[in-house]
Structure formats: structure tokens, C-alpha cells
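Hello,

Here is the structure I said I would pass on. My notes on what turned up in it follow below.

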Amino acid sequence: MRSSSARAWQELLALLCSVWLWVGAAQRTGPTPTAQSQGPKLKFRLAGYPRKHNEGRIEVFYNEEWGTICDDDFTLANAHVLCRHLGFVAATGWAHSAKYGKGVGRVWLDNVNCGGSEKSIADCKSRGWGNSDCSHEEDAGVICKDERIPGYVDSNVIEAEQNQVEELRLRPVVSGARKRLPVTEGVVEVRYKEGWAQICDEGWNHKNSRVVCGMMGFPAEKKVNRNFYKRLKRAAKIKSRSPGPGARLVSKARPKHKPREDFGVPKRLYLERQQLSYRLHSVACTGNEVHISMCPFEFYKGNATATCKGGMPAVVSCMPGPLFTTGSAPKKKPQRQQQHQGQQRVRLKGGAKAGEGRVEVLKNSEWGTVCDDRWNLLTASVVCRELGFGSAKEALTGARMGQGMGPIHMNEVQCTGSEKSLWSCPYKNITAEDCKHSEDAGLRCNIPYMGYETTIRLSGGRSRFEGRVEVALGTGSSGRPAWGLICGDGWGTLEAMVACRQLGLGFANHGLQETWYWDASNVTEMVLSGVRCAGHEMALSHCQHHGNSLNCKKTGTRFAAGVICSETASDLLLHAPLVQETAYIEDRPLHMLYCAAEENCLSSTARNANWPYGHRRLLRFSSQIHNNGRADFRPKAGRHSWVWHECHRHYHSMDIFTHYDLLTPNGTKVAEGHKASFCLEDTECQEDVAKRYECANFGEQGITVGCWDLYRHDIDCQWIDITDVRPGNYILQVVINPNYEVAESDFTNNAMKCNCKYDGHRIWVHNCHIGDAFSEEANKRFEQYPGQLNNQIV
């Protein structure tokens, strides 16, 4: 009995053990519900430079080691998941190719593929932890929406590592200098925890200053009067007592005695002086770095508030570029700058703000683009400094600033960073198979802070990109800015472009003269009228206006100026060679021109002709108009307001889409024509672009990005009536969107000019170029070289 019970007890124990082992095995091999519930706990942080608090290189802490994520197959859905890890509600973008600098350590994840709704990055498909063929040149970054998840506890986010400098500023010492922008000279300070710390100037040299000036938006440094700041430091020691940590150093006036002005230092120099707190020392830049974090330096360990061996805070003085030179400069200086700019062979196109755009270079009198192969921050910085800006903060690839036209002049440009011009850098010439315009290089430069956005705002709009424009002129009785409205008379696209640029909201979609539907503000006074902008200004204060003499025909708030801004815009360009190839003269019978006369496509003398007998002499040509921007070109008016023309039986979505003019060499107009947009559509597109607009059956009109609209030479109004023109040398000018009815990223490329020679029977057209007008010297050269003989009169 005892033996049988013992045997039963042993069998029961064996059964329990087998169940326990089975359960244990099941727990070890079962699926993991979340990345944090089992295995190494994941932590995340943003790092890199230059960046804001809600963007940067994404780094993940896995298996007790920090590492990065490769940008292969990276998507916005991946960024959404990662931004939620970081405590933000969503992502607005992501970055590739180590935009925020190269990380160190392991590349933990590669080929990450998230749906966007996952709770953890570990729930997304990937090659597995630590399985990657990427280098740190492919480190991914994220840009998160600057909005925190409600109730989020910042326990899973580690701030950027303490061995990097993420933010830097120049603090002017003279109190009066703080009111002047841009700040070109001051003490160099780096962001540290919740405040700012200084850099010891031990071993500081002009190469370090060049890097700092580049970060601040200045192309070059200049020598600092170091003795001036030494006197300041000595005076501060005499005038002050040793305060406690974090206190201010203030001078104490001696009673019954006039305060001393020791060492020639004005009293205002040591007002509001903070106690020095050194963070960095032994900075040793080469001068070509785009950010001080790329330079060798050392951090002070522990509390090194007063440690700087016989030195003082590093002080830097910078030279501003032409766009940011203050009004105190000599009057002759702008003339020299204009002369210098006239000789420039590099320019930026397609950017919304100063210091950004597609890089274009001039070679053999023809502008072309640069291929993005091996395009990097060092090369981009050479361009930025050459154009009067600071170092580059982004080197853009893949035609991020729109595609150019014409030749691609340079490929695989490799600058060291010290060159004065992009043309001084080694590069390769382009062959047909090397590059396409989809690989045009672009950039964004560091520019000085000017504070323009503090004197303008929008009110009443449905989003931050639209609203009634309010500007601050002076201060009110409370000491706060006095806000007022802008008169809508004459307000248009060019003015809206400047307003959107000043607001930092990109391009203008519309400039509105009536804003009654945005009447949600208590600001009711008109303070500015007669605003006229050229479109390139950085602030409305740079445009012409009536000043203090307000002159507004309609003063109600409903007639205040408004804008609708957009991050992208279209950009129309005419294919100039086609005009040159297809131009010819036709003598067309009057009985075939009734519809053209109805649409005012003939010169004024045609009214006195002997209709229907006789003919008109027409200069005809084809025009091919490309949209190389980053948004579709759409008519300003909706379909409900298009005008039907019975004679030609089509709708006009824009009254005037192009101007055709024949000019004398000095610019006098001798003949003109115009073309309404009776059909804006996608005639042809690039290989990877689908057509979206077709005029048939009252369809939507427009030109898609990457497509073009073709107006053939044999359709009505595609001409200039030259019946009354005498033989001679002329300029054929074609201007697209001449009245700026539709916003574009660049209006300077909307004009095309060709040299023409007309002998009364035949016409020669050559040297067609986009943009700038021809000089008299070019016309003299044309007399010696008549160029291409086009088709005979038909």
C-alpha cells in the first residue's frame, strides 16, 4: 500500500514537472506583444546637427548599446512610429543620407517597413536587430510634428549626447548692439541644459571663427579687437564682487564719487553681464567644417565655471553678405557689389527663401544645373559662401528644389570647403547617360537672423498658411507692437510672395484684395497702403509703399490685404530652342482671320483693312511650356468663371497667358500679340509622370509637374502681326504669365528673348535665351552673324 501510494506520488510529481516544463517552453518561444514587454528595453533619442528639438538623427538603445537606423526603404510611416516613441503625435517628414551627421556604434535596423500604426518599431518588418549592410552615411533622421502626446512622460527619450554641441549663438556685449540685426560680433555661446555656456578662447583662431560665422549665416570672419574685450574683462573685475553661482555681475557705484570709466570701457558694457560658465575648450577647427560639432574640442568635466587658463570667452566678428549689410555701409559699396554680382557664374533658383534653391552655373554663356552625384555639405558650403551666405545646412539631392532646363554642366563636384568658387573645385563633365534633371542638386544655406517674422502675422484663416495680413509698425501705449492692416488696393501675387517669405510659409498661392470672410480679429486700422513689391524682397518693409501718407480708396476691413501661402509652387519655363526652330513668316488672307480679330490677335491697323480682301503678315512659331516646379500650374479662376468664345468654340481660363512682342534693340515695341489660355493641358509628360489635365469635354485645365503644354505654330493667335514692321534687327520676346495671375516659385525665367533679322521677305531667328535681356554688344555681334535661316514665306 505504501509502495503503490509512493509510486502514484512519483507519477504525479512527474506529470506536474512535465506541465511546468511545457508551460516554461511555451513562454520562452511565444510571440512578443510589444518591444518593451520582453527582452531589452528600447530607448530613443534625437541627435545630430544642426537641428531643432523635434528633429534629428534617430538613435535607438538596444542590448545596452546606442545605434542608428539605416535609411534603406525608409518611409513616413516609419517616422510616425518613431516620433510616437519620442513623445510626439506624428511625423511631418524624414531625412536620409545622414542629414544630421553620421552616428557612431551599431546600425541596429535596416530595411524597416512599418504600416504606421504599430506601437513599437520592433513590431515593424526589418532585417532584424544588428543585421545591416549600411554605413553611417545612410543614417536616417526624422522630423516630428511639434506637438506632444497628451500625458506623455518623458522617460523613454534621452536627450542628445553630451559630447556634441547642438546649438550656438553670438551674444553681443554692448547693450546697444542687441537692438541691431544681424548680430555680427559677440561672445560665442553654446546651449547647455537650460541655459548657455561659453567657450574658452585658449588656442582660439580665425579658423574656428570662420566655422562659427558660417553657422551664423555669414560668409567670412574678420579680426576681433581682442584687447578691447580684455579691457572689458579687467574693468569687470574692478567693478564687481564675486557673486554666487548664477548671479549677475553688476558694477557698484562708489558713494559720493563719480563712477570711474576704467580702461576706456563704457559703463554700458558691463550692464547685465552674466557669470561666465565655460563648457568647451581647445577647439581646433580646420575652417572648412559646416558645424562646430565637426571640429575637435574638449568638454570641461564637472563644474568648471571659472576654469579657463589665462583666457576669456571666445569672441567672434563676422562679415555679412551683400543681402544683410546694414545701412551704415558706404554708398559706393552697393555699386561694387552689383558689379561683382554681374560677374557671378553661380546662382540659386526655385527656393522660397533667401539662401536656398537649385544650384545653377554659367558656362559658355548658358546657364545649366549641377548633378547631385557625390553632392555633399562641403561642396554646398562653397556655393553658399560664394553667394554671400554662411555654410550649408542642407545639401539637397533628387531635384528637391525643382528640375532645371538646358544643359547639366557639372557632375561629381568634390570641394574641400576652402575654395572661393564652385568652379575652383574638381568636377567631371556630363555625358548623355550620366545624369538627368531629376538629379539636379540644391541646397539650403545658413542665413543671419533678421527678425523679419516678428513684424507680420496672419489672422482669421482656416490654417496658419492663410489669413488677413497684419503688420507691426512701432509700439502702442502698452509698449507692445501696434498691429494694423494693409490696404488691398493693388495688392497682388508679387506682394503676397514677399509676405509669405517674411512669414516663413514658403510661396504665395494667392494675393487677395478682399478678406471679409477672415474678419476674426480686433485689428481694424489700416496702417499701410500702396505696397508695391518686385517679388524678391525679404520683407514688406523693403517694398515701395506710401509711408505715413495713407491713401486707400476702400478703407473697410473687408478690403484689407490677405494671402494664401503654400510650401510648393509651380515654375513655368519656355523651351527656347523650339521657338528658334519653328519660326517662319506667313501671309494669311483676311477672310481666314475673323476669329483672330475677334480675340484681338491682330495689330490695331487691321481694323482699317479692306476685309475680307488682302492679307496680314504673321510671324509664327511654336511654343512648348514646361512646368518644372513642385506644384501643378492651375488657372487662378475656377471653371465657373471661364469665358466661352463662340468663334473658336473654347473656354478661356486666363485672359492673357502669354505676351508676344517684337522690340527694337533699345527695347521699343514695334509689334505685339497675346495668347489667352484657351486650353491649358498636359500635351506630353516625362516617362514617370501621368497626365492629369485635358481640355476635352470641359475638363480641368492646368500643367502637371514634369509635363508640358504645346501650342503649335499653325493654331490661331500663335503669332505676332508684323504687317507694319520695317526691315531691320529686332528682339522677339515671349513672356509667360505676364500679369503674375498665377503664383510661381520663380518669375525671372518667364521671359524668352531671341535676336531676329528681318529683310522684308525672310526672317532669321537665333540666340534664344531664357531670362535676361540681350545687351547692345550682343546685337552688334548678331549683325556679323545672322544665324539660322528659318522657313521662307508661305
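**Helix α2 and its surroundings**

Helix α2, residues 76-85, is mostly covered, with seven of its 10 residues buried. Those seven are A77, N78, A79, V81, L82, C83 and H85. They pack against five strands: β1 (43-47), β2 (55-62), β3 (65-69), β4 (91-95) and β6 (141-144). After α2 comes G87, which has a positive phi near 95 degrees.

Please keep in mind that this is a predicted model.

**The protein as a whole**

The protein has 794 residues, and 49% of them count as buried. It contains 10 helices and 41 strands. If we take contacts between residues at least 6 apart in sequence, 70% of these join residues at least 24 apart. The accessible surface is about 40,000 Å², and carbon and sulfur atoms account for 50% of that area.

In general, the strands of a sheet pair through backbone hydrogen bonds, in either a parallel or an antiparallel way. The partner of β28 is β31 (residues 623-627), which runs antiparallel to β28 and is joined to it by three bridges. In this pairing L572 stands opposite N627 of β31.

**Aromatic rings**

Searching the whole structure gives 15 aromatic pairs. One of them is F621 with Y660: the ring centres are 5.1 Å apart and the planes are at 80 degrees, so this pair is edge-to-face. The two residues are 39 apart and belong to distant parts of the chain, F621 to the loop between β30 (615-620) and β31, and Y660 to strand β34 (residues 658-663). Both F621 and Y660 are buried.

Elsewhere, Y62, W108 and W129 make up one aromatic cluster.

**Charges over rings**

Two arginines are worth a look in the viewer. The charged end of R148 sits over the ring of F88, at 4.2 Å from the ring centre. R347 lies over the face of W367, and here the distance to the ring centre is 4.1 Å.

Regards

Notes
Residues numbered from 1 in each chain as written. Predicted model: local features only at pLDDT ≥ 70, side-chain atom pairs only at ≥ 80, totals over all residues. Heavy atoms only, no water. Pairing = 2+ DSSP bridges. Helix = DSSP H or I, 4+ residues; strand = E, 2+ residues; numbered from the N terminus. Phe/Tyr/Trp six-rings, centres within 6.5 Å; stacked < 30°, edge-to-face > 60°. Buried < 20%, exposed > 50% of the residue type's maximum accessible area, 1.4 Å probe, protein only. Lys NZ or Arg CZ within 6 Å of the ring centre and 35° of its normal. Contact = heavy atoms within 4.5 Å. Areas by Shrake-Rupley, 256 points an atom, 1.4 Å probe, with all protein chains shown as cover.
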